Number of protein chains: 2
Amino acid sequence: MTSPRIVLHPDHDRSVGKSFRQATDLDVVVPLRDGVADELTAADVLVSYRWDDSYLTSSLRWIQSISVGVDQYPIDALRRAGVVLTSARGCHGPQVSEHAFGLLLALTRGIGRSMRNAESRLWKPIPGVEISEMTLGILGLGNIGEAIAVKAAAWGMKVIGTKSNPNDYDGVAQAVFPPTETLAVFRAADAVISVLPDTESTRGIVTPECLAVMDGGWFVNVGRGTVVESQHIVDALDSGALAGAGLDVFHPEPLPVSSPLWSHPRVAITNHTAGLSPQYGSRLMKIFRDNLDALRGRGNWVNRVD
Amino acid sequence: MTSPRIVLHPDHDRSVGKSFRQATDLDVVVPLRDGVADELTAADVLVSYRWDDSYLTSSLRWIQSISVGVDQYPIDALRRAGVVLTSARGCHGPQVSEHAFGLLLALTRGIGRSMRNAESRLWKPIPGVEISEMTLGILGLGNIGEAIAVKAAAWGMKVIGTKSNPNDYDGVAQAVFPPTETLAVFRAADAVISVLPDTESTRGIVTPECLAVMDGGWFVNVGRGTVVESQHIVDALDSGALAGAGLDVFHPEPLPVSSPLWSHPRVAITNHTAGLSPQYGSRLMKIFRDNLDALRGRGNWVNRVD
């Protein structure tokens with residue numbers, strides 16, 4: 001069997017590019033953006049987080065997504081064409097969980113506020129609180145959510161959360177609810193971290209009522225911005241329901257310059273970077289090589305989307 | 001035995017005041033600052049982090065320090081007068097360790113830089129790195145240092161550090177060096193956190209050479225600012241030896257408005273708040289009650305300074 005021809009889409013993180021460049025045993029081409037479809041007419045494999053219908057060529061046999069979410073792909077059409085789709089599930093846990101704690105601690109230890117004061121060289125001690133005895137609610141106890149749960153439990157926090165099917169859960173959280181009981185999680189938690197993707201069922205799931213019941217709680221979003229309206233966050237901060245919000249994602253993105261979130265003293269902001277890591281490429285490559293074996297009939301697919 | 005008369009010095013954290021106010025079984029007075037000595041002429045106990053020689057009255061039998069460090073007290077004179085001195089050792093681990101990780105993650109996840117950009121409403125993704133596979137060096141593996149070590153180890157970091165007497169060490173760090181080998185810790189570590197107090201032997205212990213060998217490392221200081229010259233930190237940031245510095249303490253304090261640390265993009269700043277916590281008072285009260293029993297001849301002193 002000749003080596004499969006692999007097209008790496010030019011839109012990818014630096015660490016992904018590096019891992020594929022270093023894999024000198026693989027037959028990889030990185031075309032310009034408008035040359036991807038052309039290259040795919042004679043290739044077996046696409047590695048990408050982008051999709052265009054012109055990519056579905058007769059030679060294509062397998063797509064390794066660089067992203068966890070695969071909503072961008074025409075899953076039914078791929079199935080009909082016999083093209084396997086695999087996701088990047090499992091590449092994000094370490095960095096996203098560290099990022100979530102970074103944002104939470106930026107709030108609870110007054111680091112975000114102190115950084116704002118630093119711009120005007122204002123020495124003003126901001127007293128912090130302790131997270132170790134808090135109850136943490138995690139919206140979305142999948143792969144990434146569980147990485148957060150494990151870190152939280154290791155530091156003594158009590159962990160609860162939501163999961164599409166709580167009966168499938170096998171992790172460290174002490175109580176897991178279905179998404180329909182999201183409000184109960186906000187009610188019981190001192191801090192809530194969302195890792196939810198953008199889907200029809202997650203949009204707006206963090207209602208004003210969810211935030212209102214927190215009574216001085218902390219909210220962190222490292223999933224997707226569409227789970228909550230920015231204005232509802234601002235309202236909850238101003239009413240005191242939220243003590244602070246740590247936000248890596250927004251709706252829309254980039255965050256408009258007119259948004260009050262930019263300058264709110266109790267908001268810590270990063271710019272959709274929770275998933276970035278120098279280790280991302282090597283983790284993806286490990287999945288990719290397992291799946292390359294599967295393509296060659298040796299072993300099982302990893303993260304196959306059915 | 002009548003209840004001992006307790007003078008709580010008016011300079012104390014809110015949580016300490018709250019704990020003593022709530023202890024309605026105790027005979028506590030909180031005088032104005034210039035009335036402390038007067039009250040002590042008829043009191044047995046002083047709870048304070050401040051000292052003045054006028055406080056050493058003939059009735060004084062015990063001082064419960066609100067601070068860990070007790071350098072402010074005339075230890076020999078107290079010993080001669082038969083006054084017991086006990087420290088607040090054990091009250092700081094949870095909050096200082098969380099603060100140290102907050103500052104470290106503010107650097108490694110680009111949160112500090114993003115907060116600076118937020119002031120000008122600039123959307124600019126700052127890629128982060130992962131700490132979980134780093135080697136962490138802790139300067140001062142005492143009570144607080146060990147709390148940091150435990151959190152680090154729980155997240156998968158390799159931990160090394162320094163301690164006055166490494167032979168006494170019984171914790172999670174994999175290698176412990178004497179302070180004379182501080183440079184070796186900087187050489188081996190990806191990130192270094194100092195919790196060192198201000199003593200004759202710690203002043204300037206973080207030399208320019210220590211920072212220079214880091215080659216893109218991360219430095220966090222939640223101990224005392226005198227261990228390192230501010231200018232050496234700036235130089236190391238500018239040379240690239242330091243990737244970032246997370247600083248809660250400075251020398252002098254407050255940080256002068258002229259300091260370049262205020263505005264350096266790779267510096268995260270808080271204003272000597274690592275030790276602040278709403279739980280501080282209840283932890284101190286627990287030590288205080290044990291020691292009150294000891295004063296009454298029931299049980300042993302906790303944290304007695306000999």
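The tour starts with the whole assembly and then moves to single residues.

**Before you click**

This is a predicted model, in which local features need pLDDT of at least 70 and side-chain atom pairs count only at pLDDT 80 or more, while totals for chains, interfaces and linings use all residues. Residues are numbered from 1 along each chain as its sequence is written, chains are lettered from A and ligands numbered from 1 in the order in which they are written, and side-chain values use heavy atoms, with hydrogens and water left out.

**Stop 1: both chains**

**Stop 2: the domains of chain A**

Colour residues 5-87 + 278-295 of chain A as domain 1, and 93-269 as domain 2; such bounds come from an automatic or database domain assignment. The C-alpha centres of these two domains of chain A are 33 Å apart.

**Stop 3: the five-stranded sheet of chain B**

Helices (H or I, at least four residues) and strands (E, at least two) are DSSP runs numbered from the N terminus, and two strands pair if DSSP finds at least two bridges between them. In chain B, five strands make an open, parallel sheet in the order S2-S1-S3-S4-S5. Strand S2 (27-29) and strand S5 (84-86) of chain B are at the edges with a single partner strand each, so one side of each has no neighbour in the sheet. On average, neighbouring strands of this sheet are turned by 20 degrees against each other, direction ignored (axes are lines fitted to C-alpha atoms, for helices over the stretch in contact, and angles run from 0 to 180 degrees between N-to-C directions).

Now select 45-48 and 62-65 of chain B: these are strands S3 and S4, paired in the parallel sense over four bridges. Opposite Val47(B) you will find Gln64(B) in S4(B).

**Stop 4: the seven-stranded sheet of chain B**

Here seven strands of chain B form an open sheet, again with parallel pairing, in the order S8-S7-S6-S9-S10-S11-S12. Its edges are strand S8 (175-177) and strand S12 (267-269) of chain B, each with a single partner strand, so one side of each is left without a neighbour in the sheet. The twist from one strand to the next averages 15 degrees.

Pick 191-194 and 217-221 of chain B, the parallel strands S9 and S10, which four bridges join. Val192(B) has Phe219(B) as its bridge partner in S10(B). Helix H4 (residues 93-108) of chain B lies across S9, S10, strand S11 (242-247) and S12 of chain B, at about 150 degrees to S10(B).

**Stop 5**

Which bond joins His251(A) and Pro252(A)? A cis peptide bond does, with omega about 0 degrees. Pro252(A) sits in the loop between strand S11 (242-247) and strand S12 (267-269) of chain A. In chain B, jump to Glu253(B) and Pro254(B), where the peptide bond is cis with omega near -10 degrees. Finish at Asp215(A), which is not a glycine but has a positive phi of about 55 degrees; Asp215(A) is in the loop between helix H8 (208-212) and strand S10 (217-221) of chain A.

Methods
Contact = heavy atoms within 4.5 Å.
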